[in-house]
Amino acid sequence: MSQVKLEDIVSLAKRRGFVFQASEIYGGLAGFYDYGPLGVELVNNLKQEWWKAMVREHDNIFGVDSAIIQNPKLWEASGHVGGFTDPLVEDTVTHKRYRADHLAGVDSNDLKELTKLLKDKKSPDGNPLSEPRVFNMMMKTYVGPVEDSESTAYLRPETAGPMFTNYENVRETMRAKLPFGVAQIGKAFRNEISPRDFIFRVRELEQMEMQYFIRPAEQEKTYEEWRDFAWKFLTERLGIDEKNLEWHEHDAKERAHYAAAAHDIYFKFPQGFKELWGTHNRTDYDLGAHQKASGKDLQYFDDQSQERFTPYVIESSVGVGRMLMAVLTDAYHEEEINGETRVVLKLKPDLAPYRVAVSPLLKNKPELAKKAREVYDALKKEFGNVMWDDNGNIGKRYRRQDEIGTPYCVVIDFGTLEDDTVTVRDRDTTKQTRVAIANLPSKLN
Ligand code: GAP
């Protein structure tokens with residue numbers, strides 16, 4: 001189908017309760033969003049799928065759930081206090097701030113290059129621009145009753161940091177040997193200069209990250225394995241069309257301060273191909289830095305080689321919100337059926353917020369409603385995520401369920417009262433089949 005438009009995704013997300021602007025009744029706050037009833041179900045399914053593939057299906061990957069606020073020394077040692085920056089320019093009349101690299105149309109943090117590229121450029125409002133300068137994206141807060149430099153703390157800008165400081169705790173408690181990984185899902189905060197494109201670039205984000213600790217000699221092979229994992233997860237577990245994905249390798253100007261190599265998977269978002277999932281070779285940068293700053297020995301003694309060394313790290317990192325936006329965009333279809341246009345989310349059944357919707361054909365017939373309730377209760381026990389839908393006529397109910405990606409609709413009619421069969425309507429084909437109630441669990445699975 002033709003390229004999905006951003007306004008279609010934003011409108012569907014709002015209309016059907018996937019994503020709302022945070023504090024909308026007060027005019028919202030740029031870069032902050034809330035998930036609605038459907039969004040939270042879809043996001044939980046995405047997180048569960050990732051956790052299953054990453055943690056449960058690997059004997060040597062262990063989960064943690066760390067605090068958002070850590071000792072600020074962690075972020076000094078990791079280089080974020082000094083180096084987690086984006087280049088910024090200001091409109092000299094309106095004082096609106098912009099990402100200099102975005103205005104220049106390059107992936108670069110190099111101030112000299114940006115100054116050159118922006119020399120004759122104007123702001124989007126047509127005014128002269130300031131010189132580019134660096135801007136630190138760490139969000140600050142104070143811990144305790146006194147607000148001074150001693151009590152300054154940071155909201156974590158990535159979930160990775162506390163996984164490094166917990167490296168030794170996890171290794172010891174799980175008796176882990178290299179290679180092994182530490183994974184977590186959690187919030188991170190970045191004071192983005194220009195949050196934009198709906199939930200693509202936000203200031204409060206959620207990440208799913210895994211740090212894989214390895215012997216230095218394993219870096220190339222392991223890097224390839226985790227790139228492969230990310231691609232397979234998106235295509236096989238989430239069902240994203242390969243045509244909507246491409247690789248992007250970071251050059252030296254684009255790489256984060258901790259990375260020796262970085263490959264992103266780009267997804268074809270409505271605004272174009274953009275970063276979805278990063279695989280990074282962080283070398284011994286983090287453990288080395290924490291070892292130096294904390295004075296704690298984070299070296300590993302290798303039984304095989306009888307050597308002591310600081311492990312290297314391959315990182316796999318993806319944003320939950322971006323994954324949600326990618327899945328919605330990939331699944332979004334507008335189709336012509338019998339002269340009418342329908343919007344349908346072709347989500348994998350395991351990801352859909354609801355697996356099935358149950359309806360009595362006619363709302364005002366108590367015998368149909370009673371039977372439908374019995375079917376609904378039984379399916380609810382079986383699947384959990386089942387919707388009761390008796391609002392409007394049956395065509396409207398199908399359209400509504402199509403829009404939220406419900407794979408099946410089950411309709412109870414007068415025939416059901418005779419022979420205990422129901423109509424099952426398939427979201428993708430729109431075909432209707434007659435199925436015995438007893439066979440519904442296997443049919444809908
Ligand atoms: N620990 C490595 C790290 O944080 P990153 O490339 O800065 O690397 C990883 O971020 C992923 O987090 C990105 O690929 C993206 O999916 C998501 N992400 C980063 N910044 C984001 C933002 N401002 N809004 C939404 N998602 C973001």
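Angles between axes under 35 degrees count as roughly parallel, over 145 as roughly antiparallel, 65 to 115 as roughly perpendicular and the rest as oblique. This is a predicted model, in which local features need pLDDT of at least 70, side-chain atom pairs count only at pLDDT 80 or more, and totals for chains, interfaces and linings use all residues. Residues are numbered from 1 along each chain as its sequence is written, and side-chain values use heavy atoms, with hydrogens and water left out.

**Stop 1: the helix pair**

Select helix H2 (residues 37-56) and helix H9 (residues 219-237). Helices (H or I, at least four residues) and strands (E, at least two) are DSSP runs, numbered from the N terminus. The axes of H2 and H9 are 12 Å apart, at an angle of about 140°. Axes are lines fitted to C-alpha atoms, for helices over the stretch in contact, and angles run from 0 to 180 degrees between N-to-C directions. H2 and H9 are therefore oblique to each other. Their crossing is right-handed: the near helix is turned clockwise from the far one by less than a right angle.

**Stop 2: the ligand**

Now select the ligand and its shell. It is surrounded by 22 residues, the closest being Glu-158, Glu-192, Glu-209, Glu-275 and Glu-315. A residue counts as near if one of its heavy atoms lies within 4 Å. By type, the shell holds eight nonpolar, five polar and nine charged residues. Here Ala, Val, Leu, Ile, Met, Phe, Trp, Tyr, Cys and Pro are nonpolar, Asp, Glu, Lys and Arg are charged, and the others, Gly among them, are polar.

Next, show the polar contacts (pairs of N or O atoms within 3.5 Å). Gln-207 places a polar side-chain atom 3.0 Å from a ligand oxygen. A backbone N or O atom of Val-202 is 2.9 Å from a ligand nitrogen. For Phe-200, a polar backbone atom lies 3.2 Å from a ligand nitrogen. The protein buries 93% of the 550 Å² that the ligand exposes when taken alone; areas use the Shrake-Rupley method with a 1.4 Å probe.

Colour strands E10 (204-214), E13 (272-283) and E16 (312-319), the elements that each give two or more residues to the shell. E13 supplies the largest share, six residues.

**Stop 3: two backbone details**

Most residues other than glycine have a negative phi, and most peptide bonds are trans. Go to Leu-178 and Pro-179: a cis peptide bond joins them, with omega about -5°. Pro-179 sits in the loop between helix H8 (167-173) and strand E9 (180-189). Finish at Gln-306, where phi is positive, near 60°. Gln-306 is in the loop between strand E14 (300-302) and strand E15 (307-309).

Key:
Polar contact = N/O pair within 3.5 Å; in protein donor to acceptor, adjacent residues only side chain to side chain.
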